[in-house]
Amino acid sequence: MDYSAKIARNVASIPRSGIRDFFELVQGREGIISLGVGEPDFVTPWHIREAAIYSLERGQTTYTSNLGLLSLRKAISRYVGEFFEVQYDAPTEVLVTVGVSEAIDLALRALLNPGDEVIFHEPCYVSYSPSIVMAYGSAVSVETSKEDAFSLKPEKLAEAITPRSRVLMLNFPTNPTGACATLEDLQGIADLAIKHDLIVLTDEIYSELRYDGEKHVSIASLPGMKERTILLHGFSKAFAMTGFRLGYACAPQPIIEAMMKIHQYSMLCAPIMSQNAALEALENGAPAVAKMRESYHQRRDFLVKRLNEMGLSCHTPGGAFYVFPDIRGTGLSSKEFAMRLLEAEGVAAVPGSAFGASGEGFLRCCYATGIDDLRVAMDKMERFLGTI
Amino acid sequence: MSQLLQLLRRKARISNHELADLLSMTEGEIAEKIRVWESEGTILGYHAVIDPESAGDTSVSAFIEVKVTPERGGGFDRLAMRIARFDQVVSCYLASGGYDLMVVVEGGDLREVARFVSERLSTLEGVLSTATHFRLKTYKENGFLFDHDSATERLAVSP
């Protein structure tokens, strides 16, 4: 059978993920030191795992409300109110999802009519453009640059706005660059969103992982923005709960209602064990988060120092757990660099081009890996640089 | 507690080189800080946390609840230190609750520990009573789980 004729055109149009290509190369190889992961190296704190086990012991294995357990939504509302300084009504303005990934999909499908334009800043998380395409939207990327520390400049955003622009997607701190937006830039972006009547879809999954004592500011907290913002957050990164697959969306009631319509027919609800674990995380997880943040901070400083010393310049990322060194001086493409580094030294790092065209010439190195491995990886990378 | 002390407490064998990397300090600064702590007694010593079963160690240890009479002026300190100085005593704590001192004693075999308790510990002046609990199995010690087969595997590359 000619399956190519059976696959929907918009799905067929999505290129293979660059990450998946690279994953297949690395898979099965022994003794690899990987800087290619996108998740914490900590196991979920025990008290959170224990809460999940306890919920199973009590026989809590049912569906929950489509929106999620009310107790969890109340805890989310409290946490978001304190951490992001935006107040959401727990019964009507919070939706618990299967990770932020699902929330992105729901939001885009709830908002877009075919051909509507969605603007996002690049390099960015691998799912943004495909999710827009799958929601029949038109993906419009705005390239960010090393000179701007990969933050989105309002002037650049303004150039991308057209009468068809409907949604602006933001992700600060950013995967893969660790970029954070300054308050001034965030205000400029907010002004543009208001002026052009855009809905802002802001993925703030790394917001607890800010360093140097900087406080995270959400665009949702700026004046006039709550009514046009969908704030997405979850438990994967700060609480080291990637496998629990749990996130949430906070937004005005009509938007949550529209997202919930899709969620109830596709997912029904997020798993109850994960929801119970998340409740424990919000109530008692702060000390563990602080400990992990401190550990990431130490490793970030080490990696940034070593990379700059060996001539791969990189800005000091303000958040997340990635550094994004510039490898253009080597004359290799980021894919060539990553392949040859893997072949020669057994060190895996993801080519920047996997995160969009503007990631070309860079490499994503994740520092959520033990310091011993990080040092060996840096020594090997330095040796590799000497051979090219 | 300083970050440096926390790291050392978790892994005393960590090299100064590694500490310097983690804390953005020089190796010289690290060495100096450690030297001062060692000399002023902030750092008293270092030891390995060993699983006796893996190591083939057949010695026994016991947790002993000791009730004592506090002394005028010195409270529990003088007697507690007298007990703590015995080589057989691995740890000695003053505790709140139904007894006064929690003493951890190690010996080559059951009889050796029993003899220490009956002949040395309980005969000390001021010791009113003892209750000995032999250790049967260790699950966690000094922050380390005695669990050899719980490793999680992350994907080598993920988005």
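**Entry 1. Chain A against chain B**

I began with the interface of this predicted model: 21 residues of chain A are in contact with twelve residues of chain B, where contact requires C-beta atoms, placed from the backbone, within 7 Å of each other. I then noted that α2 (18-26), α12 (286-309) and α14 (371-386) of chain A each supply at least two residues of the side of chain A that touches chain B. Helices (H or I, at least four residues) and strands (E, at least two) are DSSP runs, numbered from the N terminus. α2(A) gives the largest share of that side, four residues. By class I recorded 13 nonpolar, five polar and three charged residues on this side of chain A; Ala, Val, Leu, Ile, Met, Phe, Trp, Tyr, Cys and Pro count as nonpolar, Asp, Glu, Lys and Arg as charged, and the others, Gly among them, as polar.

On conventions, residues are numbered from 1 along each chain as its sequence is written, and chains are lettered from A and ligands numbered from 1 in the order in which they are written. Because the model is predicted, local features need pLDDT of at least 70 and side-chain atom pairs count only at pLDDT 80 or more, while totals for chains, interfaces and linings use all residues.

**Entry 2. Domains of chain A**

I looked up the domain assignment of chain A, which gives domain 1 (3-44 + 287-386) and domain 2 (61-285); such bounds come from an automatic or database domain assignment. The C-alpha centres of the two domains of chain A lie 24 Å apart. Their contact takes 36 residues from domain 1 and 36 residues from domain 2 of chain A. On the domain 1 side, α1 (9-12), α12 and β9 (322-323) of chain A each supply at least two residues, and α12(A) provides the largest share, seven residues. I counted that side by class as 18 nonpolar, 13 polar and five charged residues.

**Entry 3. The sheet of chain A**

Seven strands of chain A form an open sheet of mixed pairing, in the order β2-β8-β7-β6-β5-β3-β4; two strands pair if DSSP finds at least two bridges between them. I identified β2 (94-97) and β4 (138-143) of chain A as the edge strands, each pairing on one side only. β6 (199-203) and β7 (229-234) of chain A pair in the parallel sense over four bridges, and V200(A) stands opposite T229(A) in β7(A).

I also checked two helices on this chain. α6 (99-111) of chain A lies across β2, β3, β5, β6, β7 and β8 of chain A, at about 35 degrees to β8(A). α10 (253-266) of chain A lies across β2, β7 and β8, at about 25 degrees to β2(A). Axes are lines fitted to C-alpha atoms, for helices over the stretch in contact, and angles run from 0 to 180 degrees between N-to-C directions.

**Entry 4. Helix packing**

I found that α4 (70-83) and α11 (272-284) of chain A pack at about 30 degrees, with axes 9 Å apart. These two helices of chain A are therefore roughly parallel (angles under 35 degrees; over 145 is roughly antiparallel, 65 to 115 roughly perpendicular, the rest oblique).

In chain B, α2 (16-23) and α3 (27-40) pack at about 110 degrees, with axes 8 Å apart, which makes α2(B) roughly perpendicular to α3(B). I listed N16(B), H17(B), L19(B) and A20(B) of α2(B) and E27(B), I30(B) and A31(B) of α3(B) as the contact residues.
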